Structure formats: structure tokens, C-alpha cells
Amino acid sequence: MTIFSIIGCGFVADLYMRSFAVHDEVSVALAYDQNPDRLAAFGKHWNVKTASDLKAFLADLPKQSIVLNLTNPSAHFEINSAILNAGHHVYCEKPLALNMPDAVALCELAKEQNLRVAAAPCSVLGEAAQTLIHASNSGTAGKPRLIYADLDDGFIPQAPFKDWISESGAPWPAKDEFRVGCTLEHAGYYLSWLIAMNGAVTRVVAASGNVVADLLPNDAGPDFSTATLFFENGVVARLTCSITAPHDHRIRVIGDDGVLVVKQAWNNAAAVRFHRRMRIRRRLLENPVGRKIKATRKTHPKVGRWGAAAMNFGLGPIEMASAIAEDRPCRIGSDFSLHLTEVALAIHNAGDKDGVRTMKTRCTPMQPMPWFDKATEGGN
Ligand SMILES: NC(=O)c1ccc[n+]([C@@H]2O[C@H](COP(=O)([O-])OP(=O)(O)OC[C@H]3O[C@@H](n4cnc5c(N)ncnc54)[C@H](O)[C@@H]3O)[C@@H](O)[C@H]2O)c1
């Protein structure tokens, strides 16, 4: 039996519990949340034992337990440190910490104590990601050259997010999501795939900013970012995050022989297709009918869609538990998580000034052609 315990019983904790339900070998021993009402609702819904405070929670666990930190990002460093100092392993939701010195300090603390740190997202361990990585690395599309990855979530300020409630009744934490910003919240989903596929990023050229600041709370983090990532293996990737552009979660690996495409980042069962490049008379195109690529062996249990995701959130903690039991490195352990955190922070913090070349020339907007009545100007 693999046993986990949970701190932070909000929206995502329910997604973990729903995921553990498809793993007979997993159980949750104890849960704690600083909000007593939330803790009670979670404990009752999932029939999980709860602890009345953090001290009691950490003291009640058997030595070297695996604790899932599912609190809000601003609490990650403090809670991760408390877990490690109490002698337990940490599996942390993303981001591992909100700055690099904190992230490095956590990994060093774990090493000193002979404990492990691993961090979400774990969709990189899922079937779609692993199939894409295998296809790219085994040359299905020829030599990979360029990757376009999009994490555009739609125009979220106008979404009915007040109605997004988790299974045990936690509201989607809109204020916190906006404060943290879409890059720290979401870039990791494709960064983890890109790093698993290509290894380390050596250079990041990025910009981040706010395009809907007036529609969000005052303390909102960047709601848009775009980055060009230069990988050690020579591959270049463009990664975009926004909560404004129409929903587009595609990743496209462009190689010498064609393009590998996955259209859904948050679905472990998303199709991976290869579109071969061809010449037809004087035209060059990628075959519009993609060949579906599949794993040749049984993969992992799938979890049905809940809200925006059909992801098995249990894959990360289970990988960590297996790595500990088998005394081997964890695929999403501290080196991987630290690098991912460094790249995500570089994009998030890029702002709109970092590395920018200010233009010396100017021009005015173009005088339009006289083809339109004033009445059409409102867009109706
Ligand atoms: N909302 C999602 O769809 C989603 C999906 C994937 C990952 N995540 C990640 O999961 C994490 C949690 O997000 P969420 O959406 O569940 O947020 P949430 O606000 O719904 O839940 C967080 C819970 O942690 C508790 N908490 C905060 N600080 C604490 C502390 N110091 N001690 C004990 N409890 C504390 C809060 O009371 C709250 O119940 C974040 O890192 C987020 O990025 C969220």
C-alpha cells in the first residue's frame, strides 16, 4: 500500500482524491487545512482522517512519510520547509517556490536530511506526453528543429469562474490564480514536457505583461507571456501563456519529415498525431490527416474529465513513492523541478523591459482606405 498525507484541502486536493480513486494501491492517511470548514468538508466527503493543526499533523505521521503540499503558492516555501524539518518527504504542487533562492534552499534542506523533494505538474508522466516525447526522440518527425507550445486559456476574466466548484465544495480560487499569474500557474505543464524531451534550457528570451489588468484584481500577476527557449540539444521552442487568447493548448514538434501534434495539454489520453510533410506538384504541405501514434504497452489508469482537466494527478506522487521504494532517482525530483522552476520564473519575471531593444524610429497608425461607413466602426 502506498500512503500519502495532504496539506491544503482546496480545489486541487479533490482532483488528487479523484485520481487516487483509480489506484487501489493508494490511500490517504491524514489531511490538514488551516481553514477548519474546508478541512471538515474535505474530510467528510472523502472519509479521510483530519488533524486539528499543522504541528499535530506533522507529528502524527510515521517517519519519512510522503506529504503532498497542495496549499496556495504563497505558502509553498513555508509549508515545504515545515514538512522537511519534521522529517518527511515533500511532493509540492507547482510552483515549488516563488523565487529561486527558496527553491534551492528547499532542495538543499532535503538533501541534508536524506529526504526527497518532487514537484507538480505530473502530466509529463502521462500517456500523451510520454508518447509525444518518445515519438520526437525516436525521430518519427525526423530531426526535431522547432517546437510551438501554447497555453492560452480563453478570455478568463469573462468566464463563469464563480460557478467552478470542486467535488467537496471548494470554489476555484480566482483571486489567487490571478495574483500568481498564468505563467507560474500553467507554463510548467508544457515546460515539463519540453525539458523531459530536450534536456536543459540554456537561454530564455521572454517577455511578460498584463493585457487585461483593468479586468483583474489590483495585485494580479502577469496575464500574458511569451518565451523563446534555447535547449542544450539545439532545439528551440516558443511557449505562450495567456488568459485572454482563445483556448489553444496545442504543442507542435516540427521536424525534418513533418509535424507531431497534441491538441490538449490537460488530457492524459489526448491523441498524438504525426502529419508527414509532402510535396504535391509545386506545393509543400503537411498531410492534413495525421497518423495516430500509440504506446505499444499498457500505460496508466485514466481519470475522467472534471472541469478543464482529464488528468491523473496521482502519477506524480506515485512516481515519487516508487522512486523512494526502489532507491532510484525520481523522474520529477529536485534537479528536474529546480530547472523547471528556474525557467518558469525567468519567463514570469521577464516583464516588458528585460532585454528589450527600444525603437528609435516612430510612425503613426495607417490612414485607412475610404471603404467603410462610420456605422460599421463599432463592430456590430
Ligand atoms: N485549481 C486548479 O485547477 C489547480 C490545478 C492544478 C494545480 N493547482 C495548484 O494547486 C495548488 C492549490 O490550488 P487550489 O486551486 O487547490 O487552491 P485553493 O485555494 O482551492 O486550496 C488551497 C488550500 O490550501 C489551504 N492553505 C493555504 N495556506 C495554508 C497553510 N499555510 N496551511 C494549511 N493550509 C493552507 C487553503 O486554506 C486552501 O483550502 C496551487 O499550487 C495551484 O497552482 C491548482
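Reply: Start with the shell around the ligand. It has 25 residues, and Val12, Asp33, Asn72, Lys94 and Glu185 come nearest.

A note on the source. This is a predicted model, where local features need pLDDT of at least 70, side-chain atom pairs count only at pLDDT 80 or more, and totals for chains, interfaces and linings use all residues. Residues are numbered from 1 along each chain as its sequence is written, and side-chain values use heavy atoms, with hydrogens and water left out.

Now the polar contacts (pairs of N or O atoms within 3.5 Å). A polar side-chain atom of Asn72 sits 2.8 Å from a ligand oxygen. Lys94 places a backbone N or O atom 2.8 Å from an oxygen of the ligand. Phe11 has a polar backbone atom 2.9 Å from a ligand oxygen. Taken alone, the ligand exposes 820 Å², and the protein buries 88% of that. Those areas come from the Shrake-Rupley method with a 1.4 Å probe.

By class, the shell holds twelve nonpolar, seven polar and six charged residues. Here Ala, Val, Leu, Ile, Met, Phe, Trp, Tyr, Cys and Pro are nonpolar, Asp, Glu, Lys and Arg are charged, and the others, Gly among them, are polar.

Where do these residues come from? Helices (H or I, at least four residues) and strands (E, at least two) are DSSP runs, numbered from the N terminus. Domain 1 (2-119) and domain 2 (124-298 + 335-376) each give at least three residues to the shell. These bounds come from an automatic or database domain assignment.

Pro95 lies in the loop between strand E4 (89-92) and helix H5 (100-112). Ala120 and Pro121 are also joined by a cis peptide bond, with omega about 0 degrees. Pro121 is in the loop between strand E5 (117-119) and helix H6 (127-137).

Finally, the whole chain. It has ten helices and 14 strands. Buried residues (under 20% relative accessible area, 1.4 Å probe, protein chains only) make up 51% of the 380.

Methods: A residue is near a molecule or strand if one of its heavy atoms lies within 4 Å of it. A polar contact is a pair of N or O atoms within 3.5 Å; within protein, one must be able to donate a hydrogen and the other to accept it, and residues adjacent in sequence count only if both atoms are side-chain atoms. Buried means under 20% relative accessible area, exposed over 50%, partly exposed in between (1.4 Å probe, protein chains only).
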